[in-house]
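Reader: I'd like to learn how to read a few features of a structure like this one. Could you walk me through some of them?

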Amino acid sequence: MVKETGFYALLARMRYISRWGLMRSGIPENVQEHSHETAVYAHALGLIRREIFGKECDAERLAVLAIYHDASEILTGDLPTPIKYHDRTIRDAYKKVERAADERLLAMLPEELRAAYEGAFTATPDEEKLVKAADKLSALRQCIEERKAGNREFLSAEEQTRRLIEEMHLPEADWFMEHCLGAFEKNLDELGTM
């Protein structure tokens with residue numbers, strides 16, 4: 001008999017983990033929303049790689065990896081970026097904490113499902129780069145929305161995030177920035193939906 005699992009109940013709590021903890025946000029964002037958006041962008045980057053650049057890529061796998069990329073934050077909370085990446089010691093220690101949290105979440109699953117889910121928590125270095133780019137695109141979109149709403153608090157974060165994406169030198173992310181990012185500056189009428 002399979003015992004009851006709290007895995008999915010914990011995943012549902014991603015909506016209670018707020019992002020941008022050190023920033024005065026006018027548009028609140030939680031980890032669940034961010035994970036969905038990151039999955040959409042990871043899928044897009046995979047499709048761009050496959051369909052535009054003609055390289056092998058499992059876009060659907062990237063989407064799944066992105067769905068779970070911040071799942072550990074259910075147990076750890078969202079450590080603000082300036083702290084998380086302050087220096088190598090903190091970054092490495094936090095990666096260990098995140099991995100331990102991921103392992104704890106996976107251990108909650110019935111044995112029959114655990115192996116299937118482990119792949120959703122483990123990316124190759126190449127997949128990790130694309131998911132990280134999608135993660136940064138999500139952050140950049142949030143910065144753009146905050147700026148458009150008149151919140152100057154996000155101006156330097158927008159500039160830094162844009163620069164980080166450019167410094168990744170990922171053709172897929174560059175293509176997205178060139179062909180898709182400008183639309184986030186437009187209102188509903190300008191997007192041609194009405």
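Author: Happy to! Keep in mind that this is a predicted model. Let's begin with the aromatic rings: F7, Y8, Y68, Y117 and F121 form one aromatic cluster.

Reader: How many aromatic pairs does the structure hold?

Author: There are eight aromatic pairs. One of them joins Y8 and Y117, with 6.2 Å from centre to centre and 65° between the planes. Planes over 60 degrees apart count as edge-to-face, so that is the label for Y8 and Y117.

Reader: Where in the chain do Y8 and Y117 sit?

Author: Y8 belongs to helix α1 (residues 7-12) and Y117 to helix α7 (residues 111-118).

Reader: What about charge: which side chain of opposite charge is nearest to D70?

Author: That is R19, 4.1 Å away. A salt bridge needs the charged atoms within 4 Å, so D70, though buried, has none. D70 lies in the loop between α3 (59-67) and α4 (73-76). Beyond its sequence neighbours up to four places away, D70 touches residues including M14, H34 and D135.

Reader: And which residues is A134 in contact with, leaving aside neighbours within four places in sequence?

Author: They are T38, Y41, A42 and L45. A134 is found in helix α8 (residues 125-148) and is buried, at 0% relative accessible area.

Notes: Residues numbered from 1 in each chain as written. Predicted model: local features only at pLDDT ≥ 70, side-chain atom pairs only at ≥ 80, totals over all residues. Heavy atoms only, no water. Helix = DSSP H or I, 4+ residues; strand = E, 2+ residues; numbered from the N terminus. Buried < 20%, exposed > 50% of the residue type's maximum accessible area, 1.4 Å probe, protein only. Lys, Arg positive; Asp, Glu negative; His and termini not counted. Contact = heavy atoms within 4.5 Å. Phe/Tyr/Trp six-rings, centres within 6.5 Å; stacked < 30°, edge-to-face > 60°.
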